[in-house]
Amino acid sequence: MSNNEAKPDDPNIGTKMIRILALIGACFAGQVASAETALKIGYLRVDMPVPPTLSNLDPIPENIGLAGAQTGLQGNLTTGKFLSHSYEMFETVVPEGNDPLIAAKEMLSISPYLVLDAPAQVLVSIADLPEAKGALLFNSSASDVSLRDTDCRRNLLHSLPSDAMRTDALAQVFVQKRWRDLVMISGNFSQDISYATSMRRSLKKFGLKLSDEKTWDASADMRRTASQEIPLFTQSLGDYDAMILADEVHDFGRYVLYNTWQARPVTGSEGLSAVTWSPVIEQWGAAQLQSRFEKQHSRKMTSHDYAAWAAVRTLGEAVTRTNSDDPKVLRDYIFSDAFELAGFKGRPLTYRDWNGQLRQPIAVVHPRAMVAQAPLEGFLHQTNELDSLGLDRPESKCEAYQ
Amino acid sequence: MKMFLSSGLAALLATSLSAGQIWVTNEKDDTVSVIDTETLEVVQTYETGERPRGITFSKDYSRVYICASDSDAVQVMDPNTGKILYDLPSGEDPEQFVLHPDDIHLYIANEDDAITTVVNTQTRKVVAQIDVGVEPEGMAVSPDGKIAITTSETTNMAHWINTETQELFANTLVDSRPRHAEFAKDGTQMWVSSEIGGTLTVFDTATQTEQAKISFEIQGVHSDRVQPVGFEFTDGDTHAFVALGPSNHIAVVNAQTYEVEDYILVGRRVWHMAFSADKSQLFTTNGVSGDVTVIDVASRKALKSIKVGRFPWGAAFRP
């Protein structure tokens, strides 16, 4: 792309880099005289310390999330060239310990459209900035249920499914498979605790029993390898139909499979998992998105990438259909009945008008294949079966959307 | 004796005229299944390249063209022997194509590359590559051969190609995930199906403007699962039979009033279809159930389902 722009490091604003990733208008000057509608999309990543895990087998890609946004941008650009719509993306990474709000303000002065990769409390602080009034912010990273509940914000949409959507998806599978008696092992990280809380809620919602729970405490006296500890650790759980792991940081979970005292399926964060996206999804045209992504980034597409992709494509779809770059026009369209995002999940994706969550099917997978896609057949809903996943209108205590 | 011979020959000719075959590509078996339209049985299975999808015959039915998507080739097969004669250059990931009325030029949608490739089937050379939207798929050409259409699934457009200059002259938005396009009524109309949008858009060819939009409603099936994909017109273009994907139904649309008159239950995840010679029977490919449903067009009833290979996708008739 032409017109690349680099800004030198500026410690005062706490940003590592601001980079214009793509500037389109000029590239297609031969075809269109000038771009009438131009959308700038900011991608803000707030770096967080990554907790140590037992295995280093699966490094987290450096460009996780951002790569998805770039693939989404590519789609927007191709469509935009037929309509005289142009898109640019600029990226800011806030290193650990720096103030993300300064970077956010800086970005909001350039564009009201931001895709955010940050923990829940940072997302809320950004959404509450006076500069963010009337902005369209997309949460592509935080699955906390609270953000779709009491901590919701009118200007903060969620392209990543909540923990509740994923745990409801698994609970539907448990019901269908008649795994009615569950046990759970949870890690101690906040993500683990939040996942476990959500799982307890889902099991209750679908009338399943959680007969026992244990906490995996990394500081406990574990003197042998995990694979030797786990049979003993799980022996006290007695018999059950399936074991749930709440190990969202992927610390101990991988060692639990095939090492449990009872020969029972392992689900949750490992084994049979409910995910936003996975390389094993190939139906509904997904194979095309997978290969497009892989061609562009030389790796597989993750859930995090998908959420960022969906956020950028949401904006693209709204611009395509409204011919506008006005945030109010785009927001109104995104929450209207006319909006639908083709998200390679077999159904149109839409936004819940009570908490800004992107409605979407949830794939239940193991590392080699998709096992099911929730909502499962038979889980009915009075308006939209997809609302059997996550906080439904009467359940959500979100008031900002009323 | 001479008399007897010639009348016998006439009888033989008569049967071979009314009889015919439906050729079906099996996306996940890398084969085509050949169904006899008289006996309604699979009479042949031929191997193809990887992931065969689009299929069409040359005008004289002496060659069959097959999009072998994952082999990145359009394969040319001798339908009498099932032998692959040669591959045409097709660009990457060819999914669907249409043969120009000149019987020479193939317009191919290259799904991974956002390109429509035009290939001369005689010289076996690429004549043109045209930039279109993301994930091109649906392909159509007007009966006079002047306009070719590519629909792009992710850009949600029908791209109108001037076949003389091989350039786009119009791009029209349709609902989400357009999958299939057909000209109707002597080319005065162009229809596009939108899988995720759940609609069919009817364009006036002369002005490229929308004339009608058709939507579907099946009792007991959520509208999200009613996903129009392939469709074909009955004799005289009075009705369109529309495959509705995972709703497992074919809709019968009145092409004058644009009203849906009937829904016919077929196999699971119905993709595409082909008529028999006299258009009295319709054969639909059902991806998930791995079979082909035979529909009696007059009574609008499903007669039989025929087991074929895994994930049948495209269908084409051969006399």
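User: How many bridges join strand β14 of chain B to β15(B)?
Analyst: Six bridges join β14(B), residues 157–162, to β15(B), and the two strands run antiparallel. Keep in mind that this is a predicted model.

User: What stands opposite B:Ile161 there?
Analyst: B:Leu168, which lies in β15(B).

User: Which sheet do those strands belong to?
Analyst: An open sheet of four strands in chain B, with the order β12-β13-β14-β15 and antiparallel pairing.

User: Which strands are at the edges, and why does that matter for their neighbours in the sheet?
Analyst: β12 (136–141) and β15 (167–173) of chain B are the edge strands. Each has a single partner strand, so one side of each has no neighbour in the sheet.

User: What is the twist?
Analyst: From one strand to the next, the twist averages 20 degrees.

User: What holds strands of a sheet together in general?
Analyst: Strands of a sheet pair through backbone hydrogen bonds, either parallel or antiparallel.

User: Over to chain A. What is the order of the open sheet of three strands?
Analyst: The order is β12-β13-β14 in chain A, and the pairing is antiparallel. At its edges stand β12 (341–342) and β14 (358–359) of chain A, each with a single partner strand, so one side of each is left without a neighbour in the sheet.

User: And how many bridges between β13 and β14 of chain A?
Analyst: Two bridges join β13(A), residues 348–351, to β14(A). A:Thr350 has A:Arg359 in β14(A) as its bridge partner.

User: New topic: how many residues of chain A are in contact with chain B?
Analyst: 29 residues of chain A are in contact with 32 residues of chain B.

User: What area do the two chains bury between them?
Analyst: About 2400 Å², with 47% of it on carbon and sulfur atoms. In chain A, the residues that lose the most area to chain B are A:Phe82, A:Gln288 and A:Arg321, together 24% of what that side buries.

User: How many salt bridges are there between the chains?
Analyst: Five salt bridges are counted between chain A and chain B. A:Lys295 forms a salt bridge with B:Asp113, and their closest N and O atoms are 3.2 Å apart.

User: Which elements of chain A give two or more residues to the side that touches chain B?
Analyst: α1 (66–80), α7 (286–297) and α8 (303–322) of chain A. α7(A) gives the most, with five residues.

User: How do the residues on that side of chain A divide?
Analyst: Into eight nonpolar, eleven polar and ten charged.

Key: Residues are numbered from 1 along each chain as its sequence is written. Chains are lettered from A and ligands numbered from 1 in the order in which they are written. This is a predicted model: local features need pLDDT of at least 70, side-chain atom pairs count only at pLDDT 80 or more; totals for chains, interfaces and linings use all residues. Side-chain values use heavy atoms; hydrogens and water are left out. Contact means heavy atoms within 4.5 Å. Buried area is the accessible area (1.4 Å probe) that two parts lose on being put together, summed over both. A salt bridge is a side-chain nitrogen of Lys or Arg within 4 Å of a carboxyl oxygen of Asp or Glu. Ala, Val, Leu, Ile, Met, Phe, Trp, Tyr, Cys and Pro count as nonpolar, Asp, Glu, Lys and Arg as charged, and the others, Gly among them, as polar. Two strands pair if DSSP finds at least two bridges between them. Axes are lines fitted to C-alpha atoms, for helices over the stretch in contact, and angles run from 0 to 180 degrees between N-to-C directions.
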